[in-house]
Amino acid sequence: SRSPSKAAFLRFVAYELKLDALLAARRKRRPNNRGPGDHFAARHVAALYERALSRFGDDLDLWLEYATFQRRQDHPKAAGRVLARACRARPAEPRDHFAS
């Protein structure tokens, strides 16, 4: 069986983010129609990034994209944990890559 490539993971992440944006627009039109699945997309995207990193853990750009995603979701602690894991996974990288 073939395993997914990094590009396939990133396409799936982009798809999930577009889907979440569409659902957010729908929620704006119907604000009282909230349910337990409102935060599912963000958790699903985070799980996709985790799966991608389990396979492509040496890819610095993937680590930075994941941290940026966490920051955009207003999860600064999670973003910090991702960057700390990236520093441990890539000890030879200069730390200034992770500062932004």
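Biologist: Quick one to start. Is Leu 53 buried or exposed?
Modeller: Leu 53 is buried, because its relative accessible area is 6%, and the cut-off for buried is under 20%. Keep in mind that this is a predicted model.

Biologist: Where does Leu 53 sit?
Modeller: Leu 53 belongs to helix α2, which covers residues 40-55.

Biologist: And which residues does Leu 53 contact, leaving aside neighbours within four places in sequence?
Modeller: Leu 62, Trp 63 and Tyr 66.

Biologist: How far apart are the C-alpha atoms of Leu 53 and Tyr 66?
Modeller: They are separated by 9.2 Å. Along the chain, the two residues are 13 apart.

Biologist: Let's zoom out. How many helices and strands are there in the protein?
Modeller: There are 5 helices and 0 strands. Read from the N terminus, the order is α-α-α-α-α.

Biologist: What share of the residues is buried?
Modeller: 30% of the 100 residues count as buried.

Biologist: And how much surface does the protein have?
Modeller: The accessible surface is about 7,200 Å². Carbon and sulfur atoms account for 54% of that.

Biologist: Now the inside. Which residues touch the most other members of the largest nonpolar core?
Modeller: Tyr 49, Leu 62, Tyr 66 and Phe 69 do, in a core of 17 residues.

Biologist: Which helices supply that core?
Modeller: α1, α2, α3 and α4 each supply at least two residues. α2 gives the most, with 6 residues.

Biologist: Tell me about Tyr 49. What is it in contact with, beyond four places in sequence?
Modeller: Tyr 49 contacts Leu 10, Val 13, Leu 62, Glu 65, Tyr 66 and Phe 69.

Biologist: On to α4. Which of its residues are buried?
Modeller: Ala 78, Ala 79, Val 82, Leu 83, Ala 86 and Cys 87.

Biologist: Why would buried residues in a helix come at such steps?
Modeller: Here is the general rule. An α-helix has 3.6 residues a turn, so residues three or four places apart point the same way.

Biologist: How far apart are the end C-alpha atoms of α4?
Modeller: 20 Å. The helix has 14 residues, and at 1.5 Å a residue they should span 20 Å, so the two values agree.

Biologist: What does Gln 70 touch, not counting residues up to four places away?
Modeller: Gln 70 touches Ala 46, His 75, Ala 78, Ala 79 and Val 82. Gln 70 is in helix α3, residues 60-72.

Biologist: Is Gln 70 buried or exposed?
Modeller: Buried, because its relative accessibility is 8%.

Biologist: Switching to charges. How many salt bridges does the structure hold?
Modeller: It holds 3. One of them joins Asp 59 and Lys 6, with the closest N and O atoms 2.6 Å apart. This pair links distant parts of the chain, 53 residues apart. Asp 59 is in the loop between α2 and α3, and Lys 6 is in helix α1.

Biologist: Are those two buried or exposed?
Modeller: Asp 59 counts as buried, at 17% relative accessibility. Lys 6 counts as partly exposed, at 23%.

Biologist: Which residue does Glu 50 meet in a salt bridge?
Modeller: Arg 85, at 2.8 Å from N to O. That pair also connects distant parts of the chain: Glu 50 is in helix α2, Arg 85 is in helix α4, and they are 35 residues apart. Glu 50 is partly exposed, at 28% relative accessibility. Arg 85 is partly exposed too, with a relative accessible area of 28%.

Biologist: And Asp 20?
Modeller: Asp 20 forms a salt bridge with Arg 27, at 3.9 Å from N to O. Arg 27 is buried, with a relative accessible area of 17%.

Biologist: Last topic, the outside. Which residues form a nonpolar patch on the surface?
Modeller: Phe 12, Tyr 15, Leu 19, Leu 22 and Leu 23. Together they have about 470 Å² of accessible area.

Biologist: Where does Leu 23 lie?
Modeller: In helix α1, residues 6-29. Leu 23 is partly exposed, because its relative accessible area is 36%.

Notes: Residues are numbered from 1 along each chain as its sequence is written. This is a predicted model: local features need pLDDT of at least 70, side-chain atom pairs count only at pLDDT 80 or more; totals for chains, interfaces and linings use all residues. Side-chain values use heavy atoms; hydrogens and water are left out. Helices (H or I, at least four residues) and strands (E, at least two) are DSSP runs, numbered from the N terminus. Buried means under 20% relative accessible area, exposed over 50%, partly exposed in between (1.4 Å probe, protein chains only). Contact means heavy atoms within 4.5 Å. Patches are made of residues with over 30% relative accessible area and no salt bridge: like charges are joined within 9 Å, nonpolar side chains (Val, Leu, Ile, Met, Phe, Trp, Tyr) within 5 Å. Accessible areas come from the Shrake-Rupley method with a 1.4 Å probe; for residues, only the protein chains shown count as cover. A salt bridge is a side-chain nitrogen of Lys or Arg within 4 Å of a carboxyl oxygen of Asp or Glu. A nonpolar core is a set of buried Ala, Val, Leu, Ile, Met, Phe, Trp, Tyr and Cys residues joined through side-chain atoms within 4.5 Å. The expected span of a helix is 1.5 Å times one less than its number of residues.
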